Amino acid sequence: KILFLAPERLENADWQSAVRQMQISMVVIDEAHCISVWGHDFRPHYRRILRLLSTLLENTPVLALTATANQRVEADILEQIGADAEILRGPLQRPNLHLNVVQLHGDQEKLSYLGEVLRHRTDTGIIYTATRSDAEMVAAFLVHQGLNAEYYHAGRGDDTRQEVEQKLMANQYSVVCSTNSLGMGIDKRDVRYVIHYHIPSSPISYYQEMGRAGRDGQVSWCILLYDPADLAIQEYFITTARPEEKCYEAVLSQIHSNVQGLSERDLLLKTGFAEKTVEIILADLEEQGFIKSKGRIYTATQRMGSR
């Protein structure tokens, strides 16, 4: 009855062949802000969903869900899935969440604060950090303080992350220290506090992450440990969020030089770029009409010569 797919799987040739034989009654796009280039968590493969929609019957219902779409992101989503969609917006107010900003300087002050505040708590919370190494460092400090703490980030193995998630849901940890990779698909209703060790990347990201507290409607705390020096971390992430112009030129040149087309793997081998870099470049170039893809093979378009 239900087929659950990651957007990346839409590139699979077996799937593309099988979907034509399916009678799909509804398409649900979760975390729909990932479709939008203006969304806080844009993922290029989410654009592939639009190709799926184009192969379905005209009246197939589509439901796009997100908790963090501002007006600009909403407009971008509607442009892609159809401007005649009905828009339903819930209230942003969460009266049970108590927001606090604590100004501290450096790791020593932050860790001292956490050790003092969390020492006597018997409930469960999440501490968000901007980097993987800080998630590990904060967790190690709290363990040394006698708390049952653990760390979580995308660098840990799938089995380990799943185990941490399950134990968090079962209240087997006092606190989990994590990058923003913790949260997608987790609906733990009794998270009593969310602490941001660093300044979050944007107000939208902060709203999404702190919103994991108090989903049961009970009083919960959202605390931001503010150090102006932490701005440098987010500024670095901003400047490195998209590949440099020369990377786009290199990928375009390779595709243009191979008239039979290149796969993503071919481009990884020829350019030496990281997989994420090539994914972003291919999505951008296809979005702008410089390249096209068929069966995961990318070829240049006529617009190529006018770049």
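**Figure 1. The aromatic pair of the predicted model, Tyr236 with Phe237**. The structure holds one aromatic pair. Tyr236 and Phe237 form this pair, with 6.0 Å from centre to centre and 55° between the planes. The arrangement is classed as tilted, because planes under 30 degrees apart count as stacked and those over 60 as edge-to-face. Tyr236 is exposed, at a relative accessible area of 53%, whereas Phe237 is partly exposed, at 34%.

**Figure 2. Charged side chains over the rings of Tyr151 and Tyr197**. The charged end of Arg156 sits over the ring of Tyr151, 3.9 Å from the ring centre. Lys110 lies over the face of Tyr197, and here the distance to the ring centre is 4.7 Å.

Figure 3. Asp158 is exposed, with a relative accessible area of 57%.

**Figure 4. The salt bridge between Arg215 and Asp187**. The side chains of Arg215 and Asp187 meet at 3.1 Å, N to O. Arg215 lies in the loop between helix H7 (203-210) and strand E8 (220-226), and Asp187 in the loop between strand E6 (175-178) and strand E7 (193-196), so the pair ties together parts that are 28 residues apart in sequence. Arg215 counts as partly exposed, at 32% relative accessibility. Asp187 is also partly exposed, with a relative accessible area of 44%.

**Figure 5. The salt bridge between Arg192 and Asp216**. The closest N and O atoms of Arg192 and Asp216 are 2.8 Å apart. Arg192 is buried, with a relative accessible area of 15%. Asp216 counts as partly exposed, at 26% relative accessibility.

**Figure 6. A nonpolar surface patch made by Met26, Val28, Leu63 and Leu65**. The patch formed by these four side-chain positions covers about 320 Å². Val28, one of the contributing residues, is found in strand E1 (residues 27-29).

Note on methods: Residues are numbered from 1 along each chain as its sequence is written. This is a predicted model: local features need pLDDT of at least 70, side-chain atom pairs count only at pLDDT 80 or more; totals for chains, interfaces and linings use all residues. Side-chain values use heavy atoms; hydrogens and water are left out. Patches are made of residues with over 30% relative accessible area and no salt bridge: like charges are joined within 9 Å, nonpolar side chains (Val, Leu, Ile, Met, Phe, Trp, Tyr) within 5 Å. Accessible areas come from the Shrake-Rupley method with a 1.4 Å probe; for residues, only the protein chains shown count as cover. Helices (H or I, at least four residues) and strands (E, at least two) are DSSP runs, numbered from the N terminus. Buried means under 20% relative accessible area, exposed over 50%, partly exposed in between (1.4 Å probe, protein chains only). Rings of Phe, Tyr and Trp (its six-membered ring) pair if their centres lie within 6.5 Å; planes under 30 degrees apart count as stacked, over 60 as edge-to-face and the rest as tilted. A charge sits over a ring if NZ of Lys or CZ of Arg is within 6 Å of the ring centre and within 35 degrees of the ring normal.
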